[in-house]
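User: Please take me through this structure in short questions and answers.

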Amino acid sequence: FPPIPPEPLQSHLPQLVHNTQILKLWHLQDRIFKRPIAEFRVLLHCAEANQTPLHGACADLLVHLVSDALTETAYLASVCELGSALAANDGGFSMRVNGFDD
């Protein structure tokens, strides 16, 4: 039997599935390619990350050290079309992991 496609959504915007103080969960079906794609984003709030220029430089250094330590693993994952990113921002740190979810 062929798979039953999901019903067409009325909106092209993601729908908020779960909303609490510590978690917001959104869902959006890929309409064009119908691929099972997942994206996970985390924002770690750290008030001291950019409190002074020294703290900002240390936060950037931490991001570069972690990225460097994960380079080999991240390359192998990127061959399989899985991606990741880590960055320091004004509120702390952000992390993103994305790719196929099958």
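This is a predicted model: local features need pLDDT of at least 70, side-chain atom pairs count only at pLDDT 80 or more; totals for chains, interfaces and linings use all residues.

User: In what order do the elements of the protein chain run from the N terminus on?
Analyst: The protein chain has two helices and five strands. From the N terminus on, the order of these elements is β-β-β-α-α-β-β.

User: What is the radius of gyration of the protein chain, against that of a compact globule of 102 residues?
Analyst: The C-alpha trace spans about 60 × 35 × 20 Å along its principal axes. A compact globule of 102 residues would have a radius of gyration near 13 Å. For the protein chain the value is 18 Å.

User: What share of the 102 residues counts as buried?
Analyst: The accessible surface of the protein chain comes to about 8,900 Å². Carbon and sulfur atoms own 63% of that surface. Buried requires under 20% relative accessible area. Of the 102 residues, the share that counts as buried is 7%.

User: Among contacts with a separation of 6 or more, what share comes from residues 24 or more positions apart?
Analyst: The count here takes contacts in the protein chain with a separation of 6 or more. Residues 24 or more positions apart account for 45%.

User: How many residues of helix α2 are buried?
Analyst: Helix α2 covers residues 71-79, nine residues in total. The helix lies largely in the open, because the number of its residues that are buried is zero.

User: How many salt bridges does the count come to?
Analyst: Side chains of opposite charge can pair when their charged atoms come close. Glu-39 and Arg-41 meet in a salt bridge at 2.5 Å, N to O. Glu-39 and Arg-96 also meet in a salt bridge, at 3.1 Å, N to O. The count comes to two.

User: How many residues apart in sequence are the parts tied together by Glu-39 and Arg-96?
Analyst: The side chains of Glu-39 and Arg-96 meet in a salt bridge. Glu-39 lies in strand β3 (residues 37-45), while Arg-96 lies in strand β5 (residues 92-100). The pair therefore ties together parts whose separation in sequence is 57 residues.

User: How many disulfides does the count come to?
Analyst: A disulfide needs a pair of cysteine sulfur atoms within 2.5 Å. The count comes to zero.

User: Which cysteine has the sulfur nearest to that of Cys-58, and how far away is it?
Analyst: Cys-58 is in no disulfide. Its relative accessible area is 44%, so Cys-58 is partly exposed. The nearest cysteine sulfur is 11 Å away, and belongs to Cys-46.

User: Is Cys-80 exposed or buried?
Analyst: The cut-off for exposed is over 50% relative accessible area. Cys-80 has 52%, so Cys-80 is exposed.

User: Leaving aside neighbours within four places in sequence, which residues are in contact with His-12?
Analyst: His-12 is placed in the segment before β1. With a relative accessible area of 61%, His-12 is exposed. Beyond those neighbours, its contacts are Leu-28 and Arg-31.

User: What separation do the C-alpha atoms of His-12 and Thr-52 have?
Analyst: Along the chain, His-12 and Thr-52 are 40 residues apart. Their C-alpha atoms are separated by 41 Å.

How values were computed
Residues are numbered from 1 along each chain as its sequence is written. Side-chain values use heavy atoms; hydrogens and water are left out. Helices (H or I, at least four residues) and strands (E, at least two) are DSSP runs, numbered from the N terminus. The radius of gyration is taken over C-alpha atoms; the globule rule is 2.2 Å times the number of residues to the power 0.38. Buried means under 20% relative accessible area, exposed over 50%, partly exposed in between (1.4 Å probe, protein chains only). Contact means heavy atoms within 4.5 Å. Accessible areas come from the Shrake-Rupley method with a 1.4 Å probe; for residues, only the protein chains shown count as cover. A salt bridge is a side-chain nitrogen of Lys or Arg within 4 Å of a carboxyl oxygen of Asp or Glu.
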